[in-house]
Amino acid sequence: MASSARNHDYHLVDPSPWPFIGSMGAFALAIGAVYSFHGHSYLWILPGLAVVLYTMAAWWRDVIREAEHDGHHTPVVQLHLRYGMVMFIASEVMFFVAWFWAYFGAALYPSDAIGHVWPPATIETFNPWELPFVNTLILLLSGTTVTWAHHALLHGDRKGLVQGLTLTVILGVLFTACQIFEYSHAAFGFTDGIYASTFYMATGFHGFHVFVGTVFLLVCLFRAMKGHFKPDHHFGFEAAAWYWHFVDVVWLFLFAAIYWWGAGPAH
């Protein structure tokens, strides 16, 4: 009888229901969103959203089990996961390039509709040295705390890992709260011309990425408390840290380009 022992370093995944269930949930979410956009209740979004969120949680749970309990994440598999994360972040870079392209396209060549000036005379921009600068300091500080957590993990200091992750999550929540406060006190709305549209699309999508990164790090915090990560086996945390540093860098470009350079001579 032939041996069934694995003689390679690769992970051949078992059959999983989550791709099919997730695709059905995404389809239901899209249909519900279109239905609600046509004047119907936003409750139509909830069934598809619930399926998508449950699929995400269950699928990632299975991946964690494969890594922590089943031993499938060999060094070769971890290397390929890193390649995948690098490619994902590269795609996110191009995503933000599109919003910067739209912003600079409108800013460097302002149209007749806005009087050939940027920012438009009808727009009261934010003072970059007030709340936007505070948010910049918050994100820069969060980059140092997540680096502290990574350093502690590499040296087997689980207490330092938990403390660093806790501070990073708190700073992420604080950034989001400050951005919500900023939006609630903005002197312009999303539909108030090209400046408002490009401003909210760029900064709003960045805010969404901060929220996703905060959740990512919160999951890592719970896992760290359970003792999941080891100095030589912690790709989940490493991916979260890479993502968080990417979010930090994007914000620096947003602050420099939109809040400071794009604020006009008044600031």
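**Aromatic pairs and a cis bond**

Across the whole structure, which is a predicted model, a search finds 33 aromatic pairs. Begin by selecting F95 and F96, whose ring centres are 5.5 Å apart and whose planes stand at 90°, so this pair is edge-to-face, the class given to planes over 60 degrees apart. Colour the two residues separately, and ask of F96: is it buried or exposed? F96 counts as buried, because its relative accessibility is 3%, under the 20% cut-off, whereas F95, at 28% relative accessibility, counts as partly exposed.

Next, select F104 together with W261, an aromatic pair with 5.5 Å from centre to centre and 45° between the planes, which is classed as tilted. Which parts of the chain does this pair tie together? F104 lies in helix α3, residues 75–108, while W261 belongs to the segment after α7 (235–260), so the contact links parts that are 157 residues apart in sequence. With a relative accessibility of 29%, F104 counts as partly exposed, and W261 is partly exposed as well, its relative accessible area being 41%.

The bond that joins W118 and P119 is a cis peptide bond, with omega at about -5°.

Key
Residues are numbered from 1 along each chain as its sequence is written. This is a predicted model: local features need pLDDT of at least 70, side-chain atom pairs count only at pLDDT 80 or more; totals for chains, interfaces and linings use all residues. Side-chain values use heavy atoms; hydrogens and water are left out. Rings of Phe, Tyr and Trp (its six-membered ring) pair if their centres lie within 6.5 Å; planes under 30 degrees apart count as stacked, over 60 as edge-to-face and the rest as tilted. Buried means under 20% relative accessible area, exposed over 50%, partly exposed in between (1.4 Å probe, protein chains only). Helices (H or I, at least four residues) and strands (E, at least two) are DSSP runs, numbered from the N terminus.
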